[in-house]
Amino acid sequence: MSAPSQVTASLRGVVKRYGRGHTAFTALRGIDLDVRAGELTLLMGPSGSGKTTLISILGCLLEPTEGSVEIRGQRVDSLGERRLPAVRLRNIGFVFQGFNLLRSLTAIENVEVPLFLCGVHGRRARARALELLESLGLEGKERQLTEDLSGGEKQRVAIARALAADPPLVLADEPTAALDTRTGWQMMEALRDRAHGGVAVMVVTHDVRLEALADRIVRIEDGRLVA
Ligand SMILES: Nc1ncnc2c1ncn2[C@@H]1O[C@H](COP(=O)(O)OP(=O)(O)O)[C@@H](O)[C@H]1O
Ligand SMILES: [Mg+2]
């Protein structure tokens with residue numbers, strides 16, 4: 001048996017309510033979850049079940065209404081907007097559902113942004129960004145503005161950017177939605193390889209075919225995890 005892997009991120013008793021008073025809506029109703037290094041975890045559930053809310057809280061992009069969030073043993077749920085960016089930068093690579101690329105920058109420049117923020121500049125940053133883009137099948141597209149790329153290409157640039165600074169936690173919200181089946185599978189393999197290299201990876205997906213690649217599957221319905 002292999003040694004128990006390390007918990008990279010955990011949620012305890014996490015509740016998320018949107019809005020107040022009679023318009024309040026409870027999107028998460030008490031979530032306990034550990035995301036472990038060395039594992040590709042899939043988060044699956046119907047539309048509106050709370051997947052984006054959950055992964056955004058894990059990614060420190062959204063504060064829980066109740067409960068605690070720990071990233072590598074550090075409580076982060078009440079750090080506030082001044083201290084959170086540093087936590088995110090050091091620990092988290094996030095692939096957004098809508099990519100959130102910088103449209104007027106090239107593919108390579110988008111991937112370099114997190115490297116610059118982490119103090120990697122010049123040739124080292126360029127080489128690292130090129131290597132990642134090529135490993136994700138984007139050779140020849142490195143110098144195109146991302147606004148001129150197809151949806152699937154943008155999605156792969158977003159994955160490259162999330163991996164660039166080698167974060168210990170990689171989170172992706174439906175990263176294969178704009179990809180054809182084969183490319184989607186390849187991207188998921190790239191994320192699994194990253195997980196098996198020691199990173200904690202959690203991916204939101206609807207695609208049951210990708211279950212075959214997962215080390216662990218977590219299901220959510222109406223804001224609660226189900227067995
Ligand atoms: N900013 C918001 N304000 C109010 N309700 C929201 C907001 N974001 C999400 N919701 C609601 O919370 C529920 C869960 O949303 P979400 O986490 O995006 O689900 P999923 O990603 O599984 O489709 C949905 O009913 C959604 O309408
Ligand atoms: Mg969603």
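At what angle do the axes of α4 and α5 cross, and within what distance do they come? The axes of these two helices come within 9 Å and cross at roughly 135°, where axes are lines fitted to C-alpha atoms, for helices over the stretch in contact, and angles run from 0 to 180 degrees between N-to-C directions. The structure is a predicted model, in which local features need pLDDT of at least 70 and side-chain atom pairs count only at pLDDT 80 or more, whereas totals for chains, interfaces and linings use all residues. Residues are numbered from 1 along each chain as its sequence is written, chains are lettered from A and ligands numbered from 1 in the order in which they are written, and side-chain values use heavy atoms, with hydrogens and water left out.

Helices (H or I, at least four residues) and strands (E, at least two) are DSSP runs numbered from the N terminus. The crossing of α4 and α5 is right-handed, a crossing being left-handed if the near helix is turned anticlockwise from the far one by less than a right angle and right-handed if clockwise. R128, L132 and L133 of α4 make the contact with V157, A160, L163 and A164 of α5, contact meaning heavy atoms within 4.5 Å.

Helix α5 (residues 151-164) also packs with helix α3 (residues 107-117), the two axes coming within 8 Å and crossing at roughly 25°. This angle makes α3 roughly parallel to α5, and the crossing of the pair is right-handed. On the α3 side, A107, N110, V111, P114 and L115 meet V157, A160, R161 and A164 of α5. The buried residues of α3 (under 20% relative accessible area, with exposed over 50% and partly exposed in between, for a 1.4 Å probe and protein chains only) are A107, I108, N110, V111, E112, P114 and L115. These buried residues pack against α2 (84-91), α4 and α5. After α3 comes G119, with a positive phi near 90°.

The loop between α4 (122-135) and α5 contains S150, which is partly exposed at 36% relative accessibility. The C-alpha atoms of S150 and A178 are separated by 9.0 Å, although the two residues lie 28 residues apart along the chain.

Strand β7 (residues 169-173) is largely enclosed by the rest of the structure, since 5 of its 5 residues are buried. L169, L171 and D173 point one way from this strand, while V170 and A172 point the other way. Two strands pair if DSSP finds at least two bridges between them. Strand β6 (residues 92-95) pairs with β7 in the parallel sense over 4 bridges, and F94 stands opposite L171 of β7. Strand β8 (residues 200-204) likewise runs parallel to β7, to which 5 bridges join it, and V203 in β8 is the bridge partner of A172. From β7 the chain crosses through helix α6 (residues 181-196) to β8 in a right-handed β-α-β crossover; right-handed here denotes that, with the strands pointing away from the viewer, the path from the first strand over the helix to the second runs clockwise.

F96 occupies the loop between β6 and α3 and is partly exposed, its relative accessible area being 25%. Apart from neighbours within four places in sequence, F96 is in contact with L61, R161 and D173. R161 is also among the α5 residues that meet α3, and D173 is one of the buried residues of β7.

Strand β1 (residues 7-18) and β4 pair in the antiparallel sense over 5 bridges. S68, located in strand β4 (residues 66-71), is the bridge partner of R12. At 16% relative accessibility S68 counts as buried. Excluding neighbours within four places in sequence, the contacts of S68 are S10, L11, R12, V14, R75 and D77.

Notes:
Angles under 35 degrees count as roughly parallel, over 145 as roughly antiparallel, 65 to 115 as roughly perpendicular and the rest as oblique.
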